[in-house]
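Trainee: Could we go through this model together, beginning with the overall picture and then moving to particular places?
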Amino acid sequence: LIAMSKEIDSLPYVYQKLFKVRTVTAFIRFEASDFEITENATNNDDKKTPAFRQKVEECFQLLNSAQKGFTDEGYEVQTLRIATNSFGEWACDASSAGSSSSDMVLKNRLAMLDQCLDDYDVNFCALGPARNVQEIGLCPTIVEASPRFSCSANIDACDVQNATAAANAILKISTLGEGDPQSSLAGGIGNFRFCAAASCCVPFIPFFPAAKCDSNASGIEDVLKQEFTNALSPLEKISNEVASKSSFPVKYLGIDSSFNPSLEDEGSIAAAIEQLKEVPCFGGVGTLAAAAAITTTIQSLPIKLIGYCGLMLPVLEDQRLSELASEIPSKLKISQLLNISSVCGVGIDTVPIPGKCSADSISSLILDMSGLAARWDKSLSCRVFPLPGEDTGCFTKFDSPYLCNSRVFDVS
(Lines give C-alpha, C1' and ligand atoms only; values in the text may rest on other atoms or scores of the structure.)
Protein backbone atom coordinates (compact mmCIF):
# COMPACT_ATOMS: atom_id res chain seq x y z
CA LEU A 1 0.00 0.00 0.00
CA ILE A 2 2.90 2.38 0.76
CA ALA A 3 4.46 1.59 -2.60
CA MET A 4 1.11 2.11 -4.30
CA SER A 5 0.72 5.47 -2.56
CA LYS A 6 4.13 6.64 -3.79
CA GLU A 7 3.24 5.64 -7.34
CA ILE A 8 -0.09 7.47 -7.12
CA ASP A 9 1.65 10.64 -5.92
CA SER A 10 3.54 10.79 -9.23
CA LEU A 11 0.44 10.57 -11.42
CA PRO A 12 -1.23 13.71 -12.84
CA TYR A 13 -4.74 13.04 -11.47
CA VAL A 14 -7.45 15.62 -11.69
CA TYR A 15 -9.12 15.24 -8.31
CA GLN A 16 -12.49 16.46 -9.53
CA LYS A 17 -12.65 13.48 -11.92
CA LEU A 18 -11.21 11.01 -9.43
CA PHE A 19 -14.21 10.88 -7.12
CA LYS A 20 -17.66 12.34 -6.51
CA VAL A 21 -19.08 13.92 -3.38
CA ARG A 22 -21.71 11.36 -2.37
CA THR A 23 -23.63 13.85 -0.29
CA VAL A 24 -23.59 17.13 1.56
CA THR A 25 -25.38 16.41 4.84
CA ALA A 26 -26.75 19.04 7.21
CA PHE A 27 -27.50 18.00 10.78
CA ILE A 28 -30.44 19.64 12.50
CA ARG A 29 -32.03 19.34 15.93
CA PHE A 30 -35.82 19.42 16.21
CA GLU A 31 -37.99 19.88 19.29
CA ALA A 32 -41.64 18.93 19.61
CA SER A 33 -42.54 22.59 20.01
CA ASP A 34 -41.17 23.25 16.52
CA PHE A 35 -44.29 21.58 15.10
CA GLU A 36 -46.95 22.83 17.51
CA ILE A 37 -47.84 26.21 15.99
CA THR A 38 -49.36 24.73 12.85
CA GLU A 39 -50.99 21.83 14.69
CA ASN A 40 -52.80 24.09 17.16
CA ALA A 41 -53.71 26.87 14.75
CA THR A 42 -57.45 27.65 14.54
CA ASN A 43 -57.43 29.85 11.43
CA ASN A 44 -55.14 30.95 8.65
CA ASP A 45 -54.00 34.03 10.58
CA ASP A 46 -52.69 31.80 13.34
CA LYS A 47 -50.73 29.59 10.97
CA LYS A 48 -47.38 31.31 11.28
CA THR A 49 -44.34 29.67 9.77
CA PRO A 50 -43.50 26.88 12.23
CA ALA A 51 -40.00 26.66 13.66
CA PHE A 52 -39.25 23.29 12.03
CA ARG A 53 -39.83 24.83 8.60
CA GLN A 54 -37.49 27.71 9.35
CA LYS A 55 -34.82 25.22 10.38
CA VAL A 56 -35.24 23.20 7.19
CA GLU A 57 -35.05 26.40 5.14
CA GLU A 58 -31.76 27.34 6.79
CA CYS A 59 -30.42 23.84 6.12
CA PHE A 60 -31.52 24.13 2.50
CA GLN A 61 -29.68 27.44 2.11
CA LEU A 62 -26.56 25.91 3.66
CA LEU A 63 -26.74 22.78 1.51
CA ASN A 64 -27.12 24.77 -1.67
CA SER A 65 -24.26 27.11 -0.75
CA ALA A 66 -22.02 24.12 -0.15
CA GLN A 67 -23.14 22.43 -3.37
CA LYS A 68 -22.46 25.59 -5.36
CA GLY A 69 -19.04 25.91 -3.78
CA PHE A 70 -18.15 22.36 -4.78
CA THR A 71 -19.63 22.47 -8.28
CA ASP A 72 -17.97 25.82 -9.01
CA GLU A 73 -14.66 24.04 -8.40
CA GLY A 74 -15.60 21.17 -10.73
CA TYR A 75 -16.80 18.56 -8.18
CA GLU A 76 -19.99 16.58 -8.77
CA VAL A 77 -22.34 16.51 -5.78
CA GLN A 78 -24.70 13.55 -6.00
CA THR A 79 -27.22 14.28 -3.21
CA LEU A 80 -28.20 16.80 -0.53
CA ARG A 81 -29.36 15.33 2.77
CA ILE A 82 -30.61 16.26 6.23
CA ALA A 83 -30.25 14.22 9.43
CA THR A 84 -32.06 14.96 12.68
CA ASN A 85 -31.88 14.01 16.34
CA SER A 86 -33.93 11.02 17.50
CA PHE A 87 -37.49 11.24 16.19
CA GLY A 88 -38.67 10.22 19.66
CA GLU A 89 -37.65 13.68 20.89
CA TRP A 90 -39.86 15.60 18.47
CA ALA A 91 -42.20 13.44 16.36
CA CYS A 92 -44.05 11.63 19.14
CA ASP A 93 -46.45 12.81 21.83
CA ALA A 94 -44.77 11.58 25.00
CA SER A 95 -47.84 12.36 27.13
CA SER A 96 -49.98 9.83 25.24
CA ALA A 97 -47.38 7.31 24.11
CA GLY A 98 -48.84 4.23 22.47
CA SER A 99 -52.32 5.67 22.04
CA SER A 100 -54.20 6.36 18.81
CA SER A 101 -53.79 10.09 19.41
CA SER A 102 -50.01 9.63 19.69
CA ASP A 103 -50.00 7.73 16.38
CA MET A 104 -51.97 10.58 14.82
CA VAL A 105 -49.44 13.14 16.08
CA LEU A 106 -46.59 11.09 14.62
CA LYS A 107 -48.21 10.72 11.20
CA ASN A 108 -49.20 14.40 11.17
CA ARG A 109 -45.67 15.60 11.93
CA LEU A 110 -44.14 13.20 9.42
CA ALA A 111 -46.55 14.51 6.77
CA MET A 112 -45.66 18.11 7.63
CA LEU A 113 -41.94 17.40 7.41
CA ASP A 114 -42.32 15.41 4.20
CA GLN A 115 -44.20 18.27 2.53
CA CYS A 116 -41.57 20.75 3.69
CA LEU A 117 -38.73 18.59 2.32
CA ASP A 118 -40.63 18.29 -0.96
CA ASP A 119 -40.99 22.09 -1.14
CA TYR A 120 -37.22 22.46 -0.80
CA ASP A 121 -36.41 19.47 -3.03
CA VAL A 122 -34.58 17.54 -0.30
CA ASN A 123 -35.07 13.85 -1.06
CA PHE A 124 -33.12 12.22 1.78
CA CYS A 125 -33.78 12.74 5.48
CA ALA A 126 -32.69 10.49 8.36
CA LEU A 127 -34.89 10.89 11.43
CA GLY A 128 -32.32 9.63 13.92
CA PRO A 129 -32.40 6.50 16.08
CA ALA A 130 -35.21 4.84 17.99
CA ARG A 131 -34.03 4.52 21.59
CA ASN A 132 -36.39 1.94 23.10
CA VAL A 133 -38.78 -0.86 22.22
CA GLN A 134 -41.73 1.47 21.82
CA GLU A 135 -39.90 3.82 19.43
CA ILE A 136 -38.44 0.91 17.45
CA GLY A 137 -42.02 -0.25 16.89
CA LEU A 138 -42.68 3.07 15.10
CA CYS A 139 -39.88 2.63 12.57
CA PRO A 140 -42.02 0.75 9.99
CA THR A 141 -44.50 3.65 10.12
CA ILE A 142 -41.67 6.09 9.36
CA VAL A 143 -40.33 4.01 6.47
CA GLU A 144 -43.84 3.68 5.05
CA ALA A 145 -44.64 7.39 5.48
CA SER A 146 -42.30 8.65 2.75
CA PRO A 147 -39.50 7.42 0.48
CA ARG A 148 -37.51 10.38 1.82
CA PHE A 149 -37.36 9.06 5.38
CA SER A 150 -34.73 6.78 6.90
CA CYS A 151 -34.27 5.79 10.54
CA SER A 152 -32.39 3.37 12.76
CA ALA A 153 -32.63 1.57 16.10
CA ASN A 154 -30.10 2.00 18.91
CA ILE A 155 -28.85 -1.35 20.24
CA ASP A 156 -26.70 -1.74 23.35
CA ALA A 157 -24.48 -4.79 23.66
CA CYS A 158 -26.54 -7.69 25.07
CA ASP A 159 -29.79 -5.65 24.86
CA VAL A 160 -32.01 -8.56 23.83
CA GLN A 161 -35.24 -6.53 24.08
CA ASN A 162 -34.17 -3.81 21.65
CA ALA A 163 -32.49 -6.32 19.34
CA THR A 164 -35.66 -8.42 19.20
CA ALA A 165 -37.77 -5.31 18.60
CA ALA A 166 -35.43 -4.29 15.76
CA ALA A 167 -35.64 -7.78 14.26
CA ASN A 168 -39.43 -7.60 14.31
CA ALA A 169 -39.31 -4.14 12.72
CA ILE A 170 -37.05 -5.50 9.95
CA LEU A 171 -39.50 -8.32 9.27
CA LYS A 172 -42.49 -5.97 9.26
CA ILE A 173 -40.77 -3.53 6.89
CA SER A 174 -39.97 -6.43 4.56
CA THR A 175 -43.70 -6.99 4.06
CA LEU A 176 -44.62 -3.37 3.34
CA GLY A 177 -45.93 -2.97 -0.20
CA GLU A 178 -46.94 -6.62 -0.50
CA GLY A 179 -49.61 -7.11 -3.12
CA ASP A 180 -48.76 -3.86 -4.88
CA PRO A 181 -45.96 -4.39 -7.44
CA GLN A 182 -45.97 -0.63 -8.15
CA SER A 183 -45.20 0.24 -4.53
CA SER A 184 -41.76 1.72 -3.80
CA LEU A 185 -41.62 -0.73 -0.87
CA ALA A 186 -42.43 -3.91 -2.81
CA GLY A 187 -39.99 -6.81 -2.66
CA GLY A 188 -38.54 -6.03 0.75
CA ILE A 189 -36.59 -2.95 -0.36
CA GLY A 190 -37.96 -0.89 2.52
CA ASN A 191 -35.10 -2.10 4.71
CA PHE A 192 -32.76 -0.04 2.53
CA ARG A 193 -33.92 2.81 4.78
CA PHE A 194 -33.69 1.11 8.18
CA CYS A 195 -30.91 -0.49 10.20
CA ALA A 196 -30.03 -1.56 13.72
CA ALA A 197 -27.06 0.52 14.88
CA ALA A 198 -24.81 0.00 17.88
CA SER A 199 -25.59 2.61 20.54
CA CYS A 200 -21.89 3.53 20.66
CA CYS A 201 -22.12 4.91 17.10
CA VAL A 202 -20.81 8.46 17.26
CA PRO A 203 -23.13 11.37 16.39
CA PHE A 204 -22.83 13.15 13.05
CA ILE A 205 -22.32 9.99 11.01
CA PRO A 206 -23.49 11.12 7.55
CA PHE A 207 -24.07 7.60 6.17
CA PHE A 208 -27.76 6.73 5.95
CA PRO A 209 -29.77 5.19 7.51
CA ALA A 210 -27.69 5.42 10.74
CA ALA A 211 -27.15 9.19 10.42
CA LYS A 212 -28.09 11.17 13.50
CA CYS A 213 -27.68 14.63 14.97
CA ASP A 214 -26.65 15.43 18.52
CA SER A 215 -26.70 19.24 18.41
CA ASN A 216 -27.09 22.06 15.89
CA ALA A 217 -24.43 21.47 13.26
CA SER A 218 -23.65 20.57 9.67
CA GLY A 219 -21.26 18.13 8.02
CA ILE A 220 -20.41 16.38 4.77
CA GLU A 221 -19.85 12.83 3.59
CA ASP A 222 -17.49 12.10 0.76
CA VAL A 223 -16.70 8.91 -1.08
CA LEU A 224 -13.05 8.82 -2.02
CA LYS A 225 -10.75 6.59 -4.03
CA GLN A 226 -7.15 7.78 -3.91
CA GLU A 227 -4.82 10.55 -2.69
CA PHE A 228 -6.96 11.28 0.33
CA THR A 229 -5.33 14.36 1.77
CA ASN A 230 -4.59 16.21 -1.48
CA ALA A 231 -8.03 15.39 -2.82
CA LEU A 232 -9.91 16.39 0.34
CA SER A 233 -8.12 19.60 1.21
CA PRO A 234 -10.00 21.69 -1.40
CA LEU A 235 -13.31 20.34 -0.07
CA GLU A 236 -12.37 21.22 3.48
CA LYS A 237 -11.41 24.74 2.40
CA ILE A 238 -14.72 25.24 0.58
CA SER A 239 -16.70 23.87 3.55
CA ASN A 240 -14.98 26.24 5.99
CA GLU A 241 -15.68 29.17 3.67
CA VAL A 242 -19.36 28.22 3.39
CA ALA A 243 -19.65 27.98 7.19
CA SER A 244 -17.87 31.29 7.78
CA LYS A 245 -20.07 33.14 5.28
CA SER A 246 -23.37 31.74 6.55
CA SER A 247 -25.96 34.29 7.72
CA PHE A 248 -26.86 32.05 10.68
CA PRO A 249 -24.67 30.09 13.15
CA VAL A 250 -23.09 27.09 11.43
CA LYS A 251 -20.23 24.83 12.48
CA TYR A 252 -18.27 22.79 9.96
CA LEU A 253 -17.80 19.36 11.55
CA GLY A 254 -15.52 17.58 9.09
CA ILE A 255 -15.35 14.96 6.36
CA ASP A 256 -16.23 11.29 6.58
CA SER A 257 -13.30 9.82 4.68
CA SER A 258 -14.92 6.40 4.28
CA PHE A 259 -14.36 4.27 1.21
CA ASN A 260 -17.78 3.44 -0.23
CA PRO A 261 -18.35 1.58 -3.52
CA SER A 262 -20.43 2.68 -6.46
CA LEU A 263 -22.33 0.61 -9.01
CA GLU A 264 -20.39 2.20 -11.85
CA ASP A 265 -17.73 0.30 -13.79
CA GLU A 266 -14.59 -0.10 -11.66
CA GLY A 267 -16.52 1.17 -8.65
CA SER A 268 -16.16 -1.96 -6.50
CA ILE A 269 -14.11 -1.66 -3.30
CA ALA A 270 -13.75 -5.46 -3.10
CA ALA A 271 -12.43 -5.65 -6.67
CA ALA A 272 -9.95 -2.85 -5.95
CA ILE A 273 -8.61 -4.73 -2.90
CA GLU A 274 -8.22 -7.86 -5.04
CA GLN A 275 -5.68 -5.93 -7.15
CA LEU A 276 -3.26 -6.39 -4.27
CA LYS A 277 -1.17 -9.51 -4.76
CA GLU A 278 -1.66 -10.33 -1.08
CA VAL A 279 -5.44 -10.73 -1.62
CA PRO A 280 -6.12 -13.38 -4.28
CA CYS A 281 -9.85 -13.35 -3.49
CA PHE A 282 -11.76 -10.92 -1.32
CA GLY A 283 -12.87 -12.58 1.90
CA GLY A 284 -9.90 -14.96 1.87
CA VAL A 285 -6.38 -14.62 3.21
CA GLY A 286 -4.98 -11.09 3.16
CA THR A 287 -8.39 -9.41 3.22
CA LEU A 288 -8.28 -8.56 6.92
CA ALA A 289 -4.77 -7.08 6.64
CA ALA A 290 -5.73 -4.97 3.63
CA ALA A 291 -8.92 -3.73 5.28
CA ALA A 292 -7.01 -2.82 8.44
CA ALA A 293 -4.29 -0.96 6.50
CA ILE A 294 -6.81 1.03 4.46
CA THR A 295 -8.85 1.93 7.54
CA THR A 296 -5.77 3.04 9.45
CA THR A 297 -4.82 5.30 6.56
CA ILE A 298 -8.18 7.03 6.17
CA GLN A 299 -8.54 7.52 9.93
CA SER A 300 -5.21 9.32 10.23
CA LEU A 301 -5.55 12.02 7.58
CA PRO A 302 -4.38 15.54 8.55
CA ILE A 303 -7.84 16.99 8.02
CA LYS A 304 -10.89 17.35 10.21
CA LEU A 305 -12.63 13.95 10.26
CA ILE A 306 -16.06 12.86 11.44
CA GLY A 307 -18.36 9.87 11.08
CA TYR A 308 -17.42 6.25 10.33
CA CYS A 309 -14.13 6.92 8.49
CA GLY A 310 -13.99 3.27 7.56
CA LEU A 311 -14.12 0.77 4.73
CA MET A 312 -17.69 0.20 3.58
CA LEU A 313 -18.73 -3.24 2.35
CA PRO A 314 -22.45 -3.09 1.43
CA VAL A 315 -23.08 -6.33 -0.45
CA LEU A 316 -25.84 -5.03 -2.75
CA GLU A 317 -23.93 -1.83 -3.54
CA ASP A 318 -20.68 -3.51 -4.60
CA GLN A 319 -20.66 -5.55 -7.80
CA ARG A 320 -17.76 -7.77 -6.76
CA LEU A 321 -19.23 -8.55 -3.35
CA SER A 322 -22.53 -9.50 -4.98
CA GLU A 323 -20.66 -11.74 -7.45
CA LEU A 324 -18.81 -13.54 -4.65
CA ALA A 325 -22.06 -14.09 -2.77
CA SER A 326 -23.73 -15.38 -5.96
CA GLU A 327 -21.23 -18.15 -6.63
CA ILE A 328 -22.19 -21.74 -5.81
CA PRO A 329 -21.10 -22.45 -3.18
CA SER A 330 -21.05 -18.86 -1.96
CA LYS A 331 -17.61 -17.34 -1.38
CA LEU A 332 -18.97 -14.75 1.01
CA LYS A 333 -20.71 -15.37 4.32
CA ILE A 334 -22.14 -13.11 7.01
CA SER A 335 -19.50 -14.36 9.45
CA GLN A 336 -16.76 -13.12 7.08
CA LEU A 337 -18.36 -9.68 6.86
CA LEU A 338 -18.54 -9.49 10.67
CA ASN A 339 -14.92 -10.58 10.94
CA ILE A 340 -13.75 -7.86 8.51
CA SER A 341 -15.87 -5.30 10.39
CA SER A 342 -13.62 -5.80 13.41
CA VAL A 343 -10.94 -3.75 11.66
CA CYS A 344 -12.99 -1.41 9.46
CA GLY A 345 -16.74 -0.63 9.10
CA VAL A 346 -19.67 -0.47 8.73
CA GLY A 347 -20.94 -3.84 9.97
CA ILE A 348 -23.54 -5.94 8.13
CA ASP A 349 -24.92 -3.80 5.32
CA THR A 350 -27.48 -4.43 2.55
CA VAL A 351 -27.42 -8.19 3.02
CA PRO A 352 -30.40 -10.14 1.58
CA ILE A 353 -31.70 -12.90 3.86
CA PRO A 354 -34.59 -15.41 3.62
CA GLY A 355 -38.05 -13.98 4.13
CA LYS A 356 -38.87 -16.80 6.56
CA CYS A 357 -35.88 -15.93 8.76
CA SER A 358 -37.05 -15.79 12.38
CA ALA A 359 -36.93 -12.72 14.58
CA ASP A 360 -34.68 -14.69 16.96
CA SER A 361 -32.08 -15.26 14.22
CA ILE A 362 -32.09 -11.60 13.17
CA SER A 363 -31.91 -10.53 16.82
CA SER A 364 -28.86 -12.79 17.36
CA LEU A 365 -27.17 -11.22 14.33
CA ILE A 366 -27.89 -7.72 15.67
CA LEU A 367 -26.43 -8.74 19.06
CA ASP A 368 -23.27 -10.04 17.34
CA MET A 369 -22.90 -6.64 15.67
CA SER A 370 -23.57 -4.62 18.85
CA GLY A 371 -21.26 -6.85 20.90
CA LEU A 372 -18.42 -6.32 18.41
CA ALA A 373 -19.08 -2.58 18.36
CA ALA A 374 -19.12 -2.28 22.16
CA ARG A 375 -15.99 -4.41 22.64
CA TRP A 376 -13.90 -2.27 20.28
CA ASP A 377 -15.83 1.01 20.66
CA LYS A 378 -16.67 1.06 16.95
CA SER A 379 -19.55 2.64 15.07
CA LEU A 380 -21.26 -0.37 13.46
CA SER A 381 -24.77 -1.14 12.24
CA CYS A 382 -26.83 -3.97 10.80
CA ARG A 383 -29.02 -3.51 7.71
CA VAL A 384 -30.50 -6.71 6.30
CA PHE A 385 -33.26 -7.31 3.74
CA PRO A 386 -35.61 -10.22 4.52
CA LEU A 387 -37.15 -11.05 1.13
CA PRO A 388 -40.71 -12.39 1.26
CA GLY A 389 -41.02 -15.74 -0.52
CA GLU A 390 -37.27 -16.11 -1.10
CA ASP A 391 -34.99 -18.67 0.53
CA THR A 392 -31.24 -19.11 0.91
CA GLY A 393 -29.54 -19.25 -2.48
CA CYS A 394 -32.38 -17.58 -4.41
CA PHE A 395 -31.38 -14.70 -6.65
CA THR A 396 -32.71 -11.25 -5.72
CA LYS A 397 -34.82 -9.26 -8.18
CA PHE A 398 -34.26 -5.66 -7.13
CA ASP A 399 -34.97 -3.01 -9.73
CA SER A 400 -33.25 -0.03 -8.13
CA PRO A 401 -30.55 2.39 -9.30
CA TYR A 402 -29.00 2.06 -5.85
CA LEU A 403 -28.72 -1.73 -5.64
CA CYS A 404 -27.33 -4.64 -7.62
CA ASN A 405 -28.56 -8.23 -7.30
CA SER A 406 -27.07 -11.24 -5.56
CA ARG A 407 -28.06 -14.50 -3.90
CA VAL A 408 -29.85 -14.64 -0.55
CA PHE A 409 -27.48 -15.27 2.38
CA ASP A 410 -27.79 -18.02 4.93
CA VAL A 411 -28.15 -16.52 8.44
CA SER A 412 -27.42 -19.72 10.36
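Trainee: What kind of model is it, and how are residues numbered?
Mentor: This is a predicted model, in which local features need pLDDT of at least 70 and side-chain atom pairs count only at pLDDT 80 or more, while totals for chains, interfaces and linings use all residues. Residues are numbered from 1 along each chain as its sequence is written, and side-chain values use heavy atoms, with hydrogens and water left out.

Trainee: How many helices and strands does the protein chain have?
Mentor: The protein chain has 14 helices and nine strands. Helices (H or I, at least four residues) and strands (E, at least two) are DSSP runs, numbered from the N terminus.

Trainee: What percentage of the residues count as buried?
Mentor: Of the 412 residues, 53% count as buried. Buried means under 20% relative accessible area, exposed means over 50%, and partly exposed is in between (1.4 Å probe, protein chains only).

Trainee: Which contacts join residues at least 24 apart?
Mentor: Among contacts between residues at least 6 apart in sequence, 76% are of that kind. Contact means heavy atoms within 4.5 Å.

Trainee: Turning to H14, what span should its 18 residues have?
Mentor: At 1.5 Å a residue, H14 should span 26 Å, and its end C-alpha atoms are 26 Å apart, which agrees. The expected span is 1.5 Å times one less than the number of residues.

Trainee: Which residues of H14 are buried, and what do they pack against?
Mentor: The buried residues include Ile362, Leu365, Ile366, Met369 and Leu372. The buried residues of H14 pack against strands E4, E5, E8 and E9 and helices H8 and H13. An α-helix has 3.6 residues a turn, so residues three or four places apart point the same way. Just after H14, Asp377 takes a positive phi of about 50°.

Trainee: You mentioned E4; is Ser152 of that strand buried or exposed?
Mentor: Ser152 lies in strand E4 and counts as buried, at 1% relative accessibility. Not counting residues up to four places away in sequence, Ser152 touches Gly128, Pro129, Ala130, Cys139, Phe194, Cys195, Pro209 and Ala210.

Trainee: Which residues line the second largest cavity?
Mentor: Its lining consists of Pro129, Ser152, Asn154, Ala197, Ala198, Cys201, Ala210 and Lys212. The elements that give two or more residues to this lining are E4 and E5. The second largest cavity has a volume of about 30 Å³. On a 1 Å grid over the protein atoms alone, a cavity is a set of points where a 1.4 Å probe fits but cannot get out, and a pocket is an open set with protein on both sides within 12 Å along at least five of seven lines; lining residues have an atom within 4 Å of a point. Grid points are joined across faces, edges and corners, and a volume is the space filled by probe spheres set on the points.

Trainee: And how much space lies in the second largest pocket?
Mentor: The second largest pocket holds about 310 Å³. It is lined by 20 residues, and the closest to its centre are Leu332, Lys333, Ile334, Phe409 and Asp410. Helices H13 and H14 each give two or more residues to the lining, with H13 giving the most, three residues.

Trainee: Lastly, where are Arg53 and Asp103?
Mentor: Arg53 is in helix H4 and is partly exposed at 24% relative accessibility. Arg53 touches Cys116, Asp119 and Tyr120, not counting residues up to four places away in sequence. Asp103 lies in helix H5 and is partly exposed, with a relative accessible area of 34%.
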